[in-house]
Structures are given as C-alpha cells and as structure tokens.
Amino acid sequence: MRAVVVTGPGQLSLEHLPDPAPDRDGVVVAVRSCGICGTDLHLVAGDLGSDRFPLVPGHEPWGEVVAVGAGVTGFAPGDLVAVDPSLHCGRCDPCRRGRGNMCTDWRAIGATEPGAWAEFTPAPAANLYRLPETFPFAVAPLAEPVACAVRGLERLAARPDEPVVIFGAGTMGMVLAVLLDLRGVGPVTLVDVNPARRALAARLTGATVCAPEEVAGLRAPWVIEATGNPAAFGQALACVARAGTLLVFGVASPTATAEVSPYRIYADELTIVGSMAILRSFPAAIDTIGRHPERLAPLVTDTFALERFDDALRTVSEGRSVKTVLSPAATP
Ligand SMILES: [Zn+2]
Ligand SMILES: [Zn+2]
C-alpha cells in the first residue's frame, strides 16, 4: 500500500509498504480520508520525541472495513466506520478509574502506532464506530476532532445562555464555537491574531470574531484557550470573570511556561481545567455530526491525494485551511 512515512524530524516520504493484516480482535480499514491537525505538525517536526519514528501518522481516519480478525464480532467487510485512535491499556490506575485518556501506557493510532495517512490502517474493533448509510460522509473526517471538542466541553461544563470567549480561531476553536452554539451556550466570541483566520471564522461559524486588542478588559464566565501559545494563555486567564472557568484546550510546547497570579485564582475563585484528547466522546460526536451536518460541513475545506502530503501539510501550517484531509482515492 501507499503510505506517508516519517523517518525523522521533518523527513517525510511516500512509500510502498506491505498491506496490513488484522489482529485477532482487530480489523483493517481502507481509509476514505484522514485529517491533518496541529498535533500532527508537532509530531512530524519531532517535538513529541524522535523515538516514535519511523511512523505513519494519521489519527483521524474514517473508511471501509475490508478485513476482520478471527475474534471480531459485530463488524464485517463493507461496514463504514470512524476510528477512535485512542489505545488505553485498561489495566493501569487511571484506566481503572475510568480516565483512560490519562493511561500511563497511553498509545494512539497515528501517534505511537501505524496510522492512516495510508491506503489501509489496522485498528482494534473496539475502536470502531459504525457510520449509518444516511450519515453525512463529507463531514466524517471531523469525527475525531469533534470527539476531542466534546470532551473539552464536558470539562468546561458551561451553562446555557452564558457568554464564552475562545482564544484561537484555528480548526478546534471553530469546532468548539459551533458546538457551543448548538448547545445553546453563548454568545460565543472567537479571538485570533490573524485577520485572514478571523474573516474565515466569521464566515464559517457565525460567532463574533475579534482581534486580541479588541477584547482587552473583557471578562467572561467561560473562557477557552485553544492556541497552545503561552502568551494567549495569559490573555485567556485575564479574560476569566470572577467565579469563572478557563479550559486549557490548546497543545502548548511541553517546555513552555506562563505566569499566573495565585492570588487571583484564590480571590476570584477561578477554575482552571485541562482537556486531553478523547474520553468516551465518540458516540456524541457522531451523533452531533449526524444531526447538524450543515453547521460542520463548511469546516472541511481541503482534500489532497496522499502524493501531495507536502502541499497538504503546508496548507495546515500556514493556517490557510480549516480541516485539511488526505484521501488515498483522490487524484494527485
Ligand atoms: Zn488531531
Ligand atoms: Zn491504562
């Protein structure tokens, strides 16, 4: 099969690899498409460590089951599925406490195991979510990002009809803005430094969109940091109203630090929560996409053939797209 392989930091090539075979409790999925996200850029650059290479990235796949292992029941070739990339050991302390995304042996398809920037990807049957015939397949690439956003909003636990400010109008900022609106939380204000992103976000999400200087002094009970930038974290924390909550959703560099005022957290009774990846949020994500495809479809902006992975990655790193996907069937 054709697959994009990362052999070292920033070193990618399209290679021919043997087709995968299913594990006993797993399947092989013929990838219809797989998204590229900010985490992938960190991964490919080697920011998350070089011990993972060589690796086929791609943790946002959907596609068709083409082979099933001997122990698999409930799935058969021809089934269309979205794949939850999370691999939790099920045995460690966090797993036993129902917090599998904190697994001490955390692994994921496309992050530590072979992923889906390829024609085929292996996956445990337990990670598959069936997409019904009536599913809006154009939006299927958003299943994984929406599942991450659903998890984040579970952590935020915002109340309906209260204002939310999101720092960062990237793909996830926009997905979060749409989901909040669908849940009746708002008004939603998206903040971004980039004028082109602001124009795109205003057109695609319906949220109010501002430059950072326009929200100086603004306070909101619910604030989301979705940039991963420590400077934006400071602005986001300053934006939280008394008794408010800050959700740290953006992926900062593991070595980045930011200044906080412990007094303010005490005196204003602030709540600061983090959200990492996905925890039992795939069913809600698929359900939400199925019920509101018209709100989410505009966020899938660019499709590239595997052969054009370079162009696809550049589109993502330059922030010109919302969700960019690689599709093995697309013509180069
Ligand atoms: Zn991702
Ligand atoms: Zn575990």
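This briefing covers the zinc sites, the cysteines and the domain arrangement of the structure above. The model is predicted, and its protein chain is assigned to domain 1 (2-131 + 296-327) and domain 2 (147-274). The zinc ion (ligand 2) has Cys89, Cys92, Cys95 and Cys103 as its protein donors, whereas the zinc ion (ligand 1) is coordinated by Cys37, His59 and Glu60.

**Zinc ion (ligand 2)**

- The SG atoms of Cys89, Cys92, Cys95 and Cys103 lie 2.3 to 2.4 Å from the zinc ion (ligand 2), and along the chain these donors follow the spacing C-x2-C-x2-C-x7-C.
- Within this set, Cys92 sits in the loop between strand E6 (86-87) and helix H2 (93-96), while Cys103 sits in the loop between H2 and strand E7 (107-108), so that the pair, 11 residues apart, links distant parts of the chain.
- The arrangement around the zinc ion (ligand 2) is tetrahedral because the four donor atoms subtend angles of 103 to 118°, and all angles must lie between 85 and 135 degrees for four donors to be counted in this way.
- For orientation, the ideal angle for four tetrahedral donors is 109.5 degrees.
- Cys92 is buried, at a relative accessible area of 10%, and Cys103 likewise counts as buried, at 6%.

**Zinc ion (ligand 1)**

- The donor atoms of the zinc ion (ligand 1) are SG of Cys37, NE2 of His59 and OE of Glu60, at 2.1 to 2.5 Å, and the donor residues are spaced C-x21-H-E in sequence.
- Cys37 belongs to the loop between strand E3 (26-36) and helix H1 (38-45), and Glu60 to the loop between H1 and strand E4 (61-68), so the two residues tie together parts that are 23 residues apart in sequence.
- Cys37 is buried, with 14% relative accessible area, and Glu60 is buried too, with 2%.

- Cys34 counts as buried, because its relative accessibility is 0% and the cut-off is under 20%.

**Domain arrangement**

- The centres of domain 1 and domain 2, taken over C-alpha atoms, are separated by 27 Å, and 12 residues of domain 1 are in contact with 10 residues of domain 2.
- Between them the two domains bury about 980 Å², of which 63% is on carbon and sulfur atoms.
- On the domain 1 side, Leu296, Leu299 and Val322 lose the most area to domain 2, and together they make up 44% of what that side buries.

Methods:
Residues are numbered from 1 along each chain as its sequence is written. Chains are lettered from A and ligands numbered from 1 in the order in which they are written. This is a predicted model: local features need pLDDT of at least 70, side-chain atom pairs count only at pLDDT 80 or more; totals for chains, interfaces and linings use all residues. Side-chain values use heavy atoms; hydrogens and water are left out. Donors are N, O and S atoms within 2.8 Å of the metal (3.2 Å for Na, K and Ca); water is not among the atoms, so sites may look incomplete. Four donors count as tetrahedral if all angles lie between 85 and 135 degrees; four count as square planar and six as octahedral if opposite donors are over 155 degrees apart and all others between 65 and 115; anything else is irregular. Helices (H or I, at least four residues) and strands (E, at least two) are DSSP runs, numbered from the N terminus. Buried means under 20% relative accessible area, exposed over 50%, partly exposed in between (1.4 Å probe, protein chains only). Domain bounds come from an automatic or database domain assignment. Contact means heavy atoms within 4.5 Å. Buried area is the accessible area (1.4 Å probe) that two parts lose on being put together, summed over both.
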